[in-house]
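Please look through the structure below before reading on.

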Amino acid sequence: MRFCVVRSVSTNPIRVLSVPSSPIFPELAGKRAIVTGAATGIGRAIATALSQQGVRIAICDINADAAAETAAGLSGAVAVRVDVTQRSSVSSCFDEVASRLGGYEILIANAGVSTMQHAVDLTDEEWDFNFAVNARGVFLTNQIAARRFIATGTGVIVNTASLAGKVGAPLLAHYAASKFAVLGWTQSLARELAPHGIRVNAVCPGFVKTGMQSREIEWEARLRGITPEQVFKEYVAQTPLGRIETPEDVAGVVVFLCSDSARFMTGQGVNVTGGVRMD
């Protein structure tokens, strides 16, 4: 089996289940959330879904223009540029969010990257790039938010991990290693913050359909000597529910984890894979 986070485009028709537009978790109304990597893809879907529950959103992304565009479409949202690999950038971003929104109670650490390469051909730069964003970025954003949450006595953290954080995958050894790190960090932080009433969970998406990662399908096809169409069909074939995942599939689970309905869940890496992974 070959696992990776896929954000590809396809002409194959799929049935998309949209996130409800009316609030189903009224306790979230009026809360404030930081979502990193929220300008596009899964992050944008999460920001939208939380906004639909009455949460005020800070769209935090390294692409300032795209962040501003996303924020413009959400009521009461603000856009702040952030480089999650740099402590000073994260600190400044979160301080600005606190000033503009009056605080925040939710952190969605979603920013992430991926590349593909045979393990024996990986460069130091590829390894460092994946770990800088995927692992260090989660560490920095979680730590800075956690300090505030401890001081205020309230907070929820949800990290975006991956199916590849549960099982290694060819061509994604470096990416998988960084996402395994996210789950290890999530579990450990959850134990430390539990006495403060702060919950920390993660979601593990599978083959997610977004435009930004069509390049990964191209890379895998080239590295394996097959066509992009064959790669896509393999992803669908590995998914018991029979379709490629949408960003909204992930967003709905994230909203649940932020809600009081998940009040007794912490330290979890929740699979959102359509059945590709079942444990």
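Predicted model: local features only at pLDDT ≥ 70, side-chain atom pairs only at ≥ 80, totals over all residues.

Are α3 and α4 parallel or oblique to each other? Two packed helices are described by the angle between their axes and the distance between the axes. Helix α3 (residues 87-101) packs on α4 at an angle of about 40 degrees, and the two axes are 10 Å apart. Angles under 35 degrees count as roughly parallel, and the pair α3 and α4 is therefore oblique. The crossing of α3 with α4 is right-handed. On the α3 side, the contact is made by Arg87, Val90, Ser91, Phe94 and Ala98. The α4 side includes Arg136, Phe139, Leu140 and Arg148. By type, the residues of the contact of α3 with α4 divide into seven nonpolar, three polar and four charged.

Helix α4 (residues 124-152) also meets α5. Here the axes come within 8 Å and cross at roughly 15 degrees, which makes α4 roughly parallel to α5. The crossing of α4 and α5 is right-handed. Among the α4 residues in this contact are Trp127, Phe131, Val138 and Ile150, and α5 contributes residues including Tyr175, Val182, Trp185 and Leu193. The contact of α4 with α5 has 14 nonpolar residues, six polar and two charged. Phe139 and Gln143 of α4 are listed in the contact with α5 and in the contact with α3.

Val231, Phe232, Tyr235 and Gln238 are buried. These four cover an arc of only 130 degrees around the axis, which means that they lie on the same side of α7. An α-helix has 3.6 residues a turn, so residues three or four places apart point the same way. Glu229, Lys233 and Ala237, on the other side of α7, are exposed. The cover over the buried residues of α7 includes α6 (214-224).

Two single residues remain. Leu171 lies in the loop between β5 (156-160) and α5 (173-193). Its phi is near 75 degrees, a positive value in a residue other than glycine. Most residues other than glycine have a negative phi. Leu171 has a relative accessible area of 7% and is therefore buried, the cut-off being under 20%.

Ala251 lies in helix α8 (residues 247-258). This alanine counts as buried because its relative accessibility is 0%. From Ala251 to Arg222 there are 29 residues in sequence and 31 Å in space, C-alpha to C-alpha.

Key
Residues numbered from 1 in each chain as written. Heavy atoms only, no water. Helix = DSSP H or I, 4+ residues; strand = E, 2+ residues; numbered from the N terminus. Buried < 20%, exposed > 50% of the residue type's maximum accessible area, 1.4 Å probe, protein only. Arc of directions from axis to C-beta. Contact = heavy atoms within 4.5 Å. Axes fitted to C-alpha atoms, helices over the stretch in contact; angles between N-to-C directions. Parallel < 35°, antiparallel > 145°, perpendicular 65-115°, else oblique. Left-handed = near helix turned anticlockwise from the far one by under 90°. Nonpolar A, V, L, I, M, F, W, Y, C, P; charged D, E, K, R; others polar.
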